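The following account considers the side-chain contacts of one protein structure. Please view the sequence and the model together while reading.

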Amino acid sequence: MNKKLFSQLIITILFILALVSTAKIVSNAQLVNFTKWFNHSAQLHHVYAEENSNQIINEKTMTTIVKNIEKNTNWSSYKQITVTATGYTAGKESTGKNPSDQSYGITYSGVGVKRDVFSTIAADLNVFPIGTILFIPGYGYGVVADKGAAVKGHHLDLYYHTVGDVFEHWGKKRLTVYVIKKGSGKFTETELKTLNEQNALQVFRQQTRN
């Protein structure tokens, strides 16, 4: 190897070492930033997955509770009405509202949306006044707390946590519902809480835990 080639080789090696050293410094800085971002993203993903999982579990639990109620209740004494029932959420896709909006998740009655054994639903208030309680097979008890521009006549809109829940667990159905109580035109958070915490329901909740 002549001196010229040897010199070029040495220069090339030194240049590569300089690049490696610089890259290492930059990489360390980027690694710190990436690690912070990754940890933050992982935490967000964990929270999202946990929330989504809870919603799915809750909806499955609801299905079990509703089946038990249907099986253990004599419905012959209640008025029956055939309706078309769809599902909705508190989100923009159903209400046009964003989570940052002051009225997000608040029904026409002033009660916050709720998915439980007694859930908030929307109806034509000329047919089902605010506070009317219906039993909807496959869904549970629905309390009319809301209305909607597209909810007319014998049409109900059933509240669900997510769009995924609507599609997976309901969609659109025509079915017979039972009128448990006609509403007075008013309904409160306290009344909704009382309905869901009544002792008779705890038996059905307990059955899902056994």
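Over the ring of which residue does the charged end of K173 sit? The charged end of K173 sits over the ring of W170, 4.0 Å from its centre; the criterion is NZ of Lys or CZ of Arg within 6 Å of the ring centre and within 35 degrees of the ring normal. The model is predicted: local features need pLDDT of at least 70, side-chain atom pairs count only at pLDDT 80 or more, and totals for chains, interfaces and linings use all residues. Residues are numbered from 1 along each chain as its sequence is written, and side-chain values use heavy atoms, leaving out hydrogens and water.

R115 has its charged end over the ring of Y139, 3.9 Å from the centre. The side chain of R115 also meets that of E59 in a salt bridge (2.9 Å, N to O), defined as a side-chain nitrogen of Lys or Arg within 4 Å of a carboxyl oxygen of Asp or Glu. A search of the whole structure finds one salt bridge. Both E59 and R115 are buried, that is, under 20% relative accessible area with a 1.4 Å probe, protein chains only.

Eight aromatic pairs are found in the whole structure; rings of Phe, Tyr and Trp (its six-membered ring) pair if their centres lie within 6.5 Å, with planes under 30 degrees apart counted as stacked, over 60 as edge-to-face and the rest as tilted. F118 and Y141 form a stacked pair, 4.4 Å centre to centre with 5° between the planes. Both of these residues, F118 and Y141, are buried. Y139 and Y160 pair edge-to-face, at 5.4 Å and 70°, and both Y139 and Y160 are buried. Ring pairs also link W75, Y78, F118, F135, Y141 and Y178 into a cluster.

Notes. Buried means under 20% relative accessible area, exposed over 50%, partly exposed in between (1.4 Å probe, protein chains only).
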